[in-house]
Amino acid sequence: MRILVVGASGYVGGRLVLLLASRGHDLVLLARDPRAMAARFPHATVVRGDLDDPVSLGPALAGVDLVYCLARPGNAAATLEGAADAAGVPRIVRLGRLDRVDREPAAPGVSVTDFRAGVVVGSGSAAFEIIRRLVDRFPIVVAGDWIARRCQPIAIADVLDYLVGALDHPEIDGVVEIGGPDVLTFADLVADYARQRGLRRRIVHLPLPTSRLSALWIGLISPIPAAVARPVIEAVDAGSVVHDSARALACGIRPLSMEAALRRAIDRTERHAVESTWFDAYRDRHRTTIPVSDERIRMLTDRRVVDVDAPAERVFAEVERVGGMTGWPYANILWRIRGLADRVVGGVGMRLGRRDPEHLRVGDAVDLWRVEEVRPPELLRLRDAMKLPGRAWLQYEVVRSEDGSRSTLIQTAYFEPHGIGGLLYWYGLMPVHPSIFRGMIGELAARAVASGTAPASV
């Protein structure tokens with residue numbers, strides 16, 4: 001089948017694309033930023049488009065047999081249904097929240113299977129990361145009263161089974177409520193996670209009157225931003241319990257218990273085998289590449305070059321490990337202070353971390369940055385995800401010698417200032433920037449050389 005996936009950059013969408021591809025389907029992905037999507041899913045066709053622009057949907061829907069819509073509900077979903085009807089697409093499979101009210105399809109000519117799920121638990125999911133960060137960091141888990149509400153969480157593996165299984169059950173349409181076999185409180189999830197990790201934790205409820213305040217509290221004490229925590233809290237607070245399981249039973253799926261779902265999520269996280277995360281689709285302030293220099297743009301740069309007595313592959317491996325749990329190669333404490341400053345002014349700070357400690361792909365988060373381009377073992381370019389009076393990039397190039405035994409590492413920091421504030425920011429940091437940039441490239445070169453002389457692990 002030729003299948004269009006809307007929302008492929010998200011947590012569920014990223015995994016769904018891999019499953020559909022493994023079944024041999026011809027995939028089309030809708031994206032605002034085709035470059036990042038194409039780099040992540042090279043075997044799919046990526047079409048530029050936006051649900052807010054109905055005209056852009058036409059090329060993406062051409063010749064499509066089915067649409068998966070994992071994006072936001074409401075008017076955008078109605079726009080997609082109308083465009084699908086006009087293009088002759090017979091069916092849409094959606095995934096929405098269990099607490100959403102029912103809505104009739106905007107286009108009667110399109111069959112819609114509307115899966116509704118509550119809290120999704122899996123490695124990298126927002127709900128699991130909230131649990132993991134709270135339990136692993138604090139002996140006392142403090143949360144709002146929502147943590148004591150009953151919910152019916154579902155494993156990400158089961159969500160994917162329902163979505164892919166819809167291909168084999170075209171007769172199932174309308175709203176399909178899905179959930180795991182266990183109805184419990186979010187506090188039960190926290191306690192079960194702590195038990196499986198061998199930790200003793202006490203849970204304390206705060207009398208926070210709104211989900212917004214609860215989300216702000218989670219954002220304050222954990223790396224999960226309030227904007228990401230709030231939908232999870234709202235889903236729990238609304239009582240996300242399945243009330244009609246008849247249609248879900250017809251799909252023939254036997255959902256995992258929450259104990260098994262948590263065990264699987266813990267295992268995949270510890271093995272760094274996380275396919276997608278909650279921050280994959282977390283929006284940046286901008287998605288532009290390094291602008292072409294012209295007379296209207298004054299690009300400020302700091303360029304460092306060092307010859308390294310190591311092959312390009314070894315040098316690039318050290319470059320690709322920057323950030324996350326590994327930290328930054330030089331003045332890591334200053335990077336963390338910079339991340340804290342970003343959080344104070346409303347940015348994400350260092351909370352995004354990394355998806356994988358060894359390898360990067362376009363769109364990945366690296367603490368305060370996003371991967372804009374990566375071509376091992378030649379190029380890594382990071383684009384800022386910080387709140388700045390301008391735009392910033394950090395780029396590494398590795399040039400191999402003729403015989404391949406040595407290489408040259410080039411590190412360039414780019415900054416496009418916005419107004420006087422941008423200039424003050426750049427020149428105000430001149431006392432520290434040179435030493436940090438010089439130290440970073442020197443340490444990366446030293447690590448690459450040392451990695452070739454270290455004894456092999458047994």
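**Close-ups of a predicted model**

**View 1. What packs around helix α5.** In this predicted model, the cover over the buried residues of α5 includes the strands β7 (120-121) and β8 (140-144), along with the helices α7 (186-196), α8 (211-221), α9 (226-237) and α11 (258-270). Helix α5 itself runs over residues 126-137. Of its 12 residues, 10 are buried, so call α5 mostly covered. Here's who is tucked away: Ala126, Ala127, Phe128, Glu129, Ile130, Ile131, Arg132, Arg133, Leu134 and Val135. End to end, from first C-alpha to last, α5 reaches 16 Å, close to the 16 Å expected at 1.5 Å a residue.

View 2. Look for glutamine 411 in strand β19, which covers residues 407-417. Is glutamine 411 buried or exposed? Its relative accessible area is 1%, and buried means under 20%, so glutamine 411 is buried. What does its side chain make polar contact with? One partner is the side chain of tyrosine 396, at 2.8 Å. A polar atom of the glutamine 411 side chain also lies 2.9 Å from the backbone oxygen of phenylalanine 437. Leaving out residues up to four places away in sequence, glutamine 411 touches several others, among them Asp302, Arg303, Arg304, Leu394 and Met440.

View 3. Isoleucine 337 sits in helix α13, residues 332-344. Here's a handy bit of background: an α-helix has 3.6 residues a turn, so residues three or four places apart point the same way. Isoleucine 337 has 49% relative accessibility, so it counts as partly exposed.

How values were computed: Residues are numbered from 1 along each chain as its sequence is written. This is a predicted model: local features need pLDDT of at least 70, side-chain atom pairs count only at pLDDT 80 or more; totals for chains, interfaces and linings use all residues. Side-chain values use heavy atoms; hydrogens and water are left out. Helices (H or I, at least four residues) and strands (E, at least two) are DSSP runs, numbered from the N terminus. Buried means under 20% relative accessible area, exposed over 50%, partly exposed in between (1.4 Å probe, protein chains only). A polar contact is a pair of N or O atoms within 3.5 Å; within protein, one must be able to donate a hydrogen and the other to accept it, and residues adjacent in sequence count only if both atoms are side-chain atoms. Contact means heavy atoms within 4.5 Å. The expected span of a helix is 1.5 Å times one less than its number of residues.
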